[in-house]
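Please read them with the structure open beside you.

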Amino acid sequence: MTRSAKGRATASMTRRGFTSLVAVALAAGLSVLSPVEASAQASGTAQKIADHFASVKTMMGEFVQFGPRGEQTGGKFYIDRPGKIRFNYEDPSPMRVIADGKSVVIGNRKLKTWDIYPLSKTPLNLLLGNRIDLSTKMVRGVKEEADLTTIVLGDKNMFGDSTITMMFDPKTYDLRQWTITDAQGKDTSVMIFNVKTGVPLDDKVFAIPYDEIRNRGAR
């Protein structure tokens, strides 16, 4: 098998594995629990996993994204905690997503358009925070299984019915994927792989072109 063929086969297996993971998670019934129930289920092990993830200040790797209509895209991602993330989607997608700690922008390089939102009003703010305290009211559910620890976070005061679900390997504490569910119940899932942590990242990676956004009157 050639290197390129092997790479395609690996990517295909990875995506199939991701789809199976989502199916297993849904079959397990990741229903939203009340804060009291969630706190009761948040064991010391789950908190250790959350603490480990929050302690990783920088991270980069590859991702596969599954949209609410089943569409698939991939690319590279970069995280610099707190508050910074960037998704570079592979061609032919023209999209870029950048958070600089204050705002999140979604850019279309082809149309040269930008949409901008306060980071604090999106569930990404929970993913990128310095601390995930599983005793707080933002925890909507914690589920621990032999091969998967799932943490559901949301803040009705900030995000309404939107939530972010993070799935971790309970042995390595590594983040496998996250799913953002919007107020309409539509899911966007991101699986990450080939991850490197503790890497130096230039601030320019997370620079938002505010001048261009203002000039084009983005909302």
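1. Basis. This is a predicted model, in which local features need pLDDT of at least 70 and side-chain atom pairs count only at pLDDT 80 or more, while totals for chains, interfaces and linings use all residues. Residues are numbered from 1 along each chain as its sequence is written, and side-chain values use heavy atoms, with hydrogens and water left out.

2. Overall chain. The protein chain has six helices and eleven strands; these are DSSP runs numbered from the N terminus, with helices being H or I of at least four residues and strands E of at least two. Of its 219 residues, 42% are buried, where buried means under 20% relative accessible area, exposed over 50% and partly exposed in between (1.4 Å probe, protein chains only). The chain exposes about 11800 Å², and carbon and sulfur atoms supply 54% of that area (Shrake-Rupley method, 1.4 Å probe; for residues, only the protein chains shown count as cover). Among contacts with a separation of 6 or more, 50% are between residues 24 or more positions apart, a contact being heavy atoms within 4.5 Å.

3. Strand β9. Why is strand β9 (residues 163-168) largely enclosed by the rest of the structure? Six of its six residues are buried. Thr163, Thr165 and Met167 point one way from β9, Ile164, Met166 and Phe168 point the other way, and all are buried.

4. Neighbours of β9. Strand β8 (residues 149-153) pairs with β9 in the antiparallel sense over five bridges; two strands pair if DSSP finds at least two bridges between them. Thr149 has Phe168 in β9 as its bridge partner. β9 and β10 form a hairpin with six residues between them, and Tyr173 in the turn has a positive phi of about 70°.

5. A salt bridge across the chain. The whole structure holds seven salt bridges, each a side-chain nitrogen of Lys or Arg within 4 Å of a carboxyl oxygen of Asp or Glu. In one of them, the closest N and O atoms of Lys84 and Asp203 are 3.5 Å apart. This pair links distant parts of the chain, 119 residues apart: Lys84 is in strand β3 (residues 84-89) and Asp203 in the loop between β11 (187-197) and α6 (210-215). Lys84 is partly exposed at 21% relative accessibility, whereas Asp203 is exposed at 51%.

6. Two further salt bridges. Asp211 and Arg214 come to 2.5 Å between their closest N and O atoms. Both lie in helix α6, three residues apart, about one turn of the helix, and both are exposed. Arg69 and Glu71 form a salt bridge at 3.7 Å, N to O; Arg69 is exposed, with a relative accessible area of 72%, and Glu71 is partly exposed at 32%.

7. The largest pocket contains about 860 Å³ of space. It is lined by 32 residues, of which Gln65, Val97, Ile106, Ile180 and Thr188 lie nearest its centre. The elements giving two or more residues to this lining are β1 (58-66), β3, β4 (95-100), β5 (103-108), β6 (113-118), β10 and β11. On a 1 Å grid over the protein atoms alone, a pocket is an open set of points where a 1.4 Å probe fits, with protein on both sides within 12 Å along at least five of seven lines, and lining residues have an atom within 4 Å of a point. Grid points are joined across faces, edges and corners, and the volume is the space filled by probe spheres set on the points.
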